[in-house]
Amino acid sequence: DVFIGTVFASYGCFWIGVANGCGSIFWFCGWGLLTCGFTVISLRTNVATVLLFGGVAIGLFLIGIGAHLTPPSVDILNAGLWLGLVMGCLALYLSFGTMIHETYKLLLPGMAPMPAWFPLFCRPQARKRKENKVTAIWGMKFKNPQAYSALPQAGSYPGTPAIPPPAPASGPAVAPKV
């Protein structure tokens, strides 16, 4: 899943940067803006994911603004850090909920797709989708065979044997009359 891979790689880089001393308002608020983008993208997933990204974005903005004030506002920093702790617990809930759903096909509360009445996006199951036909070419399965129509056929590479075409089908064998 590209979205999950992007999120994990991004936040891995974020925590490496925090460990190396990046702590300016631009760092935290910049990551807050990135997280706002992830929040918009997550509107097609489930309620728990939307709450997680929205809470992380707010927490990052609170930490960035609280650290930037002169003198730094301990109350705003603590609010951002506590919100981050709650979001960490929600992230654990979300990860276990995803594993439980994949293993046992059970949905924990908050893990259902976004409701159909949600104004910006409809849940993926509510939309009509085209059937994905799977085509096998050389033992590999492709969902979009038109994209692979230019694949070379057997015998088109030098040194590979050509496969003769099948003999044309003729009718049933009839003995000649003598």
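Student: What pattern does the protein follow along the sequence?
Tutor: The pattern is α-α-α-α-β-β. Helices (H or I, at least four residues) and strands (E, at least two) are DSSP runs, numbered from the N terminus. This is a predicted model, where local features need pLDDT of at least 70, side-chain atom pairs count only at pLDDT 80 or more, and totals for chains, interfaces and linings use all residues. Residues are numbered from 1 along each chain as its sequence is written, and side-chain values use heavy atoms, with hydrogens and water left out.

Student: How much of the protein counts as buried?
Tutor: Of its 178 residues, 22%. Buried means under 20% relative accessible area, exposed over 50%, partly exposed in between (1.4 Å probe, protein chains only).

Student: Which residues are buried in helix 2?
Tutor: F28, C29, W31, G32, T35, F38 and T39.

Student: Why are they on the same side of helix 2?
Tutor: Because they cover an arc of only 160° around the axis. That arc is taken from the directions from the helix axis to the C-beta atoms. On the other side, F26 and L33 are exposed.

Student: What do the buried ones pack against?
Tutor: Helix 1 and helix 3. Contact means heavy atoms within 4.5 Å.

Student: New topic. How much space lies in the largest pocket?
Tutor: About 1200 Å³. Of the 40 lining residues, V7, T49, L52, F53 and L94 are the closest to its centre. On a 1 Å grid over the protein atoms alone, a pocket is an open set of points where a 1.4 Å probe fits, with protein on both sides within 12 Å along at least five of seven lines; lining residues have an atom within 4 Å of a point. Points are joined across faces, edges and corners, and the volume is the space filled by probe spheres set on them.

Student: Which helix gives the most to the lining?
Tutor: Helix 4, with 12 residues.

Student: And how does the lining divide by residue type?
Tutor: Into 24 nonpolar, 13 polar and three charged. Ala, Val, Leu, Ile, Met, Phe, Trp, Tyr, Cys and Pro count as nonpolar, Asp, Glu, Lys and Arg as charged, and the others, Gly among them, as polar.

Student: Where is the cis peptide bond?
Tutor: It joins T70 and P71, with omega about -10°. P71 sits in the loop between helix 3 and helix 4. Most peptide bonds are trans.

Student: What about phi of K105?
Tutor: Near 60°, a positive value in a residue other than glycine. K105 is exposed, with a relative accessible area of 60%.
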